[in-house]
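Let's take a walk through this fold together. Have a look at the picture before reading on.

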Amino acid sequence: HGLRLARHAAAAEAHLRKVVEKVPKHLPSLLLLGTIASVSGQGDEARARWEAAVAVEPGFYPAQVNLGRLYETAGEIDKAVAAYSSAVLTRATSSDVAFAARRLSQLGSTPEQAMTVRGWLREAGDALQAGRADDARRFFEQVLAALPTHAPSGFGAALLAAKRGEIAEAM
């Protein structure tokens, strides 16, 4: 069954490549070729296909969201935020766009904010490693002031408050 599926996937990929040869800006084919490459572990090829798609149409949110995931996985948070933001700006009713909005609520709404938040989270981690729970809590609170729905910071701040016996604040 798996071999037959692999043959069908290879045939589909070959067909999509022919389409892109004839129509280099064919968005659905670029999107699907990127997806096939990504699933096959070819991240550079996936990136190239999806970047080609958004170069043609910056508002093509399926490719923007896929790029956001790829950039985020690669640690390129500024690029991930930019890609997710482009998807959200389309205001399309789509689970992909909803996902992008959720990621922005955890990463930051701009590349600058995302870098600042990452710095605070790194500082909180360093403070925890050094046994400075109060400092860690302050960094978590900074993240929460910027991103009120940031789940890891909310959890970290609540745990630290509970540890200090501040049960009402932990709730």
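You're looking at a predicted model, where local features need pLDDT of at least 70, side-chain atom pairs count only at pLDDT 80 or more, and totals for chains, interfaces and linings use all residues. Residues are numbered from 1 along each chain as its sequence is written, and side-chain values use heavy atoms, leaving out hydrogens and water.

Back up into H2 itself. Its buried residues are Leu27, Ser29, Leu30, Leu31, Leu33, Gly34 and Ala37 (buried is under 20% relative accessible area, exposed over 50%, partly exposed in between, with a 1.4 Å probe and protein chains only).

Now for the largest nonpolar core, which has 27 residues. Such a core is a set of buried Ala, Val, Leu, Ile, Met, Phe, Trp, Tyr and Cys residues joined through side-chain atoms within 4.5 Å. Trp50 and Ala63 touch the most other members. Setting aside neighbours within four places in sequence, Ala63 is in contact (heavy atoms within 4.5 Å) with Leu31, Trp50, Ala53 and Val54. There's also a second, separate core of 7 residues, including Ala124, Ala136, Phe139 and Ala157.

Key. Helix = DSSP H or I, 4+ residues; strand = E, 2+ residues; numbered from the N terminus.
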